[in-house]
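Subject: A structure to look at

Hi,

Here is the structure I promised to pass on.

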Amino acid sequence: MHATFWALVPPLVAILLALLTKEVYSSLFIGILTGALFYAKFSPEGTMIHLLKDGIIGVLSDPYNVGILVFLVMLGTMVCLMNKAGGSAAFGRWAQQHIHSRVGAQLATILLGVLIFVDDYFNCLTVGSVMRPVTDVHKVSRSKLAYLIDATAAPVCIIAPISSWAAAVSGFVEGEDGLTLFIRAIPYNFYALLTIVMMIGLVVLKADFGPMARHEKNAQNGDLFSAVKVDFVKPEEEEVNPKGRVCDLVLPIIVLIISCVIGMIYTGKFFSGNDFITAFSESDASVGLVLGSSVALVFTIAFYTIRRVLSFEKCMSCLPDGFKAMVPAILILTLAWTLKAMTDSLGADVFVAAMVERYASGFIAILPAIIFLIGCVLAFATGTSWGTFGILIPIVVSVFENTNPELMIISISACMAGAVCGDHCSPISDTTIMASAGAQCDHVNHVSTQLPYALTVAAISCVTYLITGLIAVLLPGLSWIGLPIGIILTIGTLVVIKNIHSRSAEV
């Protein structure tokens, strides 16, 4: 079963079960068990050893993964601190005075998500903690908030030259200037760019469709979570701290952002002589985020204690509370990482690499579209964008570097776009899980409401890659036309969908 289609079966089993049963933990575990059985050739002893030693224990022994988990706990603690200090409630009151509509609340969420482009995990949890009080006041569903967070996480990071994602992509391009290629590829990263257009269009045109339209309607009737039960009751909220001010939320967030940026460039040896761009491209996001969040956490506790908003004892009580708030996200992440380890052990990367290299030469003009689709499927099945980059980008470079540099740039963009698209759609993606955690939204609700939007942009992106690839072969130098075409197609699709929904509502 090694390096065959069977290597993709375990994640597909997990995804299918999650969508059918609406239960994530057992679905992920069954997918993991399937992978372990395949690897051990159905030997009970070998299955258990591979599942535990190489799987769960292996991923929890990885320093990068542990760093991300520590970062989650620290960020959860900071969110708990800001809530108890009354900062979140104060910001909600301020926003209520300055943001007067549901459209304004959603646009503010998008703007904040675009501004926090350093790292997708950081983006998801920070935007969620800051904007939840605002969107709740304006009756925006948690599913919509999770979509806005998710759609401004990976899609924004993948077009930001100064981000952990740019560093990852640059590292996968051997024998070329990775950062230069990354920057040149930005205008052709259609899925990321069109997702931003799609978000703004959905909000401004009020053109929600699919399950999200029902969730938004429920939210306007008071049910932010689209609970299964009709007699939905909003959970009781903690008593608001009267001493809280807007600065109790804004200042810790600013310190967190600055500290995390400094932490990341520190790991990239900025203070040892590297320039800023090089430091980001060589940074260790996991260590940098832990360093930054540690400084921000200490600052927040000291700030609240000096202001006498919270006593030191109450600040310390937020440590276990913050950890408990992140337990569901940590559990799902651990299972998702373990499932990826099972997929890797079965040689999924070898299978996909061989398939692409075998058929690449015969479909030059439409290869960007094919690469986009392969990236979508691979990232959806494995739940990882970075793993998809690592598999496909070196293949693309080797196919095109000595033949058609322009088509190489477009194909690298297609690879990145497909990876982000598959990651965006996948219920086992760490970024999707983080978006659910940031919005405090049911994970299956988030996946089911986001999927129609993501698939719509994916279809438009695929058509745009087909057109751009043909232009690059037939009319070299005019491939930049692809992006305007994609934007027109996205806006046109939204207008058509809105008109269809308006007519069906009238009927």
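Predicted model: local features only at pLDDT ≥ 70, side-chain atom pairs only at ≥ 80, totals over all residues.

Let's start with a loop: Lys 269 sits between helix H14 (247-267) and helix H15 (276-281). Helices here are DSSP runs of H or I with at least four residues, strands are E runs of at least two, and both are numbered from the N terminus. Lys 269 isn't a glycine, yet its phi is positive, about 65°. Most residues other than glycine have a negative phi. Lys 269 counts as exposed because its relative accessibility is 52%; the cut-offs are over 50% for exposed, under 20% for buried, and partly exposed in between (1.4 Å probe, protein chains only).

Gln 440 is a second case, in the loop between helix H22 (430-439) and helix H23 (443-474). Its phi is near 50°, again a positive value in a residue other than glycine. With 44% relative accessibility, Gln 440 counts as partly exposed.

Residues are numbered from 1 along each chain as its sequence is written, and side-chain values use heavy atoms, with hydrogens and water left out.

Now the whole chain. It has 24 helices and 0 strands, and 55% of its 507 residues count as buried. Take the contacts (heavy atoms within 4.5 Å) between residues at least 6 apart in sequence: 79% of them join residues at least 24 apart.

Which helix is mostly covered? Helix H8 (residues 142-151) is, with 10 of its 10 residues buried. Among them are Arg 142, Lys 144 and Asp 150, along with Leu 145 and Ile 149.

Last, a helix pair. The axes of helix H21 (residues 405-425) and H23 come within 10 Å and cross at roughly 170°. That makes H21 roughly antiparallel to H23. Axes are lines fitted to C-alpha atoms, for helices over the stretch in contact, with angles from 0 to 180 degrees between N-to-C directions; over 145 is roughly antiparallel, under 35 roughly parallel, 65 to 115 roughly perpendicular, and the rest oblique. On the H21 side, the residues that meet H23 include Leu 407, Ile 410 and Cys 421. Their partners in H23 include Val 447, Leu 451 and Tyr 465.

Cheers
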